[in-house]
Amino acid sequence: MNLSKPKINALLALALFTFAFLAAEFRFDINVGLLAGAERVVIAQGFILGASVLGFIGYAPLLGLARRKGHSLAAVNAAVPIAILGLTQIQSPTGPLALEILGCVAFFGLGLLGAAAHRAFSLAFQDDPKLATGAGAAYAAGILMQFAINLLDCGGIAELIVLGTATIIISALSATTQEANEGPSPIINPFAEPSHALAKQACWSIALVMILACLFSTLDNVVTFSNAHGTIAVQTWPRLFLAASGLAAGLIFDLAERRYMGLVMFGIAVLSTISILAVEAGADPNLGLVVFYLSSGFFVTFFTATFTQLAPRMHAPALWAGMGRAANNVCAFTTSGISLALVTSDNVALIMIGALVLLVAACAAFVAAGLFRLPQTEQEREQLAKEALAAPTIEEQRQAFIADHALTPREVDVLIAVTQDERPLKQVAEELGISMRMVQRHLSSIYQKTDTQTRAGLAKAFPSA
């Protein structure tokens, strides 16, 4: 993997978000169990997951508002005090109600930070063949950080300081990566494909993540319920399998340019269904826990890679980059009560039927989202080669672009100069033999005619040689 500084920043931001989110969730669950009993943990967990969804979805409109006001970093910076305020109460709870209210505040802030971190990752790894590997590596690193914190048992003020520092770093790294890859351009992407097929794929991908999340939420609640009762310890050695599976998932998904990703994830869905049935049928809870963690790492890497690679092609990239995590959390939030009822009902037959129905629904969603795509056949490659030969050349595309936007000869000179590389406008002016002000005037005219607002956007629109 070719790691530039923006990519390293994006990986670290996503890893720290994973760590902060899971560590705060774990501490919240423990305190709810102590103050309100084990039965309340799953319901309270649903509240905070719902609050995080509001943060994930709310980030894009808040970012748009902040940019219209001329404060592009306000949205991600404001998330830090919100998250820290709630985390303070999670670490030092005064009562069940206050714990749940401030927990929702904390996870709303973490949702905002998560959306920013996913957007930064999507920007840094756009069109990168190792995108899934990066997603898996970031997730594994976050899990290992949480494992270390739990192993050291540093609760109270020490854990609060660590989590607070993590939120600040997430904010800074996300903002830096965004500025390096996107600049001060609007959150709306004017070059998004107006494709019905793309919109269909995005919607079915959301449905798929929600269906798969339903499969996982039941077993997750079994784990949470058992952990609250002290039957198993979530923070011990089985959690290492979660980190290993996340990293392995990224490496496997990236094979053949992610063409096998859907098929591999379907196999994992089958494995997850089997693990649900096995645990409910009386298998060793620790064995079920290991299988669950192995499957969960693949699932998280899958929905992270799916939406971060989809986001740059959508009209609102800042909204779509974190949509996988949002869809997962909203499903966990809406099904927590039903899942808890199933877990405590001892109705094994009903759980088995439900799991199998979800597996069939997941299969249908995989097909509808186009995720069962296999590598190209020889005939398909030949057809693509013929289409490539028939396609217009870069020079023909450039001439069509110039004609379509009615650019003047001097504007064409400026356009070619500013899209070749990132050299300063002063240097462009010297090479063209005109003043800096004239370059800026021509560039403003080009932006207006081509409906772009930045050099990066202009370079993306103008066919490259």
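Mentor: A definition comes before the questions: two residues are in contact when they have heavy atoms within 4.5 Å of each other. Please also keep in mind that this is a predicted model.

Trainee: With that definition, which residues is His442 in contact with, leaving aside its neighbours within four places in sequence?
Mentor: His442 belongs to helix α18, and its relative accessibility is 15%. Buried means under 20% relative accessible area, so His442 counts as buried. Once the neighbours within four places in sequence are set aside, the residues in contact with His442 are Arg410, Glu411, Val414 and Ile434.

Trainee: How many helices and how many strands does the protein have?
Mentor: The chain has 465 residues, of which 51% count as buried. Among contacts between residues at least 6 apart in sequence, 83% join residues at least 24 apart. As for the elements themselves, the count is 19 helices and 0 strands.

Trainee: Which residues does Phe302 touch, not counting residues up to four places away in sequence?
Mentor: Beyond four places in sequence, Phe302 touches Leu208, Leu212, Phe253, Met261, Met265, Phe366 and Leu371.

Trainee: Is Val76 buried or exposed?
Mentor: Val76 lies in helix α3, which spans residues 74-91, and, not counting residues up to four places away in sequence, Val76 touches Tyr59, Leu113, Ala116, Ser171 and Ala175. The C-alpha atoms of Val76 and Ala66, which are 10 residues apart along the chain, are separated by 9.6 Å. Because its relative accessibility is 5%, Val76 counts as buried.

Trainee: What is the relative accessible area of Ala79?
Mentor: Ala79 also has its place in helix α3, and, not counting residues up to four places away in sequence, Ala79 touches Gly109, Leu112 and Leu113. Its C-alpha atom is separated by 8.9 Å from that of Gly55, 24 residues apart along the chain. Ala79 is buried, with a relative accessible area of 0%.

Trainee: Why do the buried residues of α15 line one face of the helix?
Mentor: Helix α15 covers residues 394-404, and its buried residues are Arg398, Phe401 and Ile402. On the other side of α15, Ala403 and Asp404 are exposed, while what covers the buried residues includes α16, α18 and α19. The buried residues line one face because, seen down the axis of α15, they fall within an arc of 95°.

Trainee: What is the phi of Ala406?
Mentor: Ala406 is found in the loop between α15 and α16, and Ala406 is exposed, with a relative accessible area of 52%. Most residues other than glycine have a negative phi. Ala406 has a positive value although it is a residue other than glycine, and its phi is near 50°.

Trainee: Where is Asp451 found?
Mentor: Asp451 has a positive phi of about 60° although it is not a glycine. At 57% relative accessibility, Asp451 counts as exposed. Its place is the loop between α18 and α19.

Trainee: Which helices each supply at least two residues of the lining of the largest cavity?
Mentor: The count comes to 1 cavity of 30 Å³ or more, and about 70 Å³ of space lies in the largest cavity. Its lining includes Leu14, Phe17, His118, Tyr139, Thr301 and Arg325, and the lining residues divide into 5 nonpolar, 4 polar and 1 charged. The helices that each supply at least two residues of this lining are α1, α5 and α10.

Key
Residues are numbered from 1 along each chain as its sequence is written. This is a predicted model: local features need pLDDT of at least 70, side-chain atom pairs count only at pLDDT 80 or more; totals for chains, interfaces and linings use all residues. Side-chain values use heavy atoms; hydrogens and water are left out. On a 1 Å grid over the protein atoms alone, a cavity is a set of points where a 1.4 Å probe fits but cannot get out, and a pocket is an open set with protein on both sides within 12 Å along at least five of seven lines; lining residues have an atom within 4 Å of a point. Grid points are joined across faces, edges and corners, and a volume is the space filled by probe spheres set on the points. Helices (H or I, at least four residues) and strands (E, at least two) are DSSP runs, numbered from the N terminus. Ala, Val, Leu, Ile, Met, Phe, Trp, Tyr, Cys and Pro count as nonpolar, Asp, Glu, Lys and Arg as charged, and the others, Gly among them, as polar. Buried means under 20% relative accessible area, exposed over 50%, partly exposed in between (1.4 Å probe, protein chains only). The arc is that of the directions from the helix axis to the C-beta atoms.
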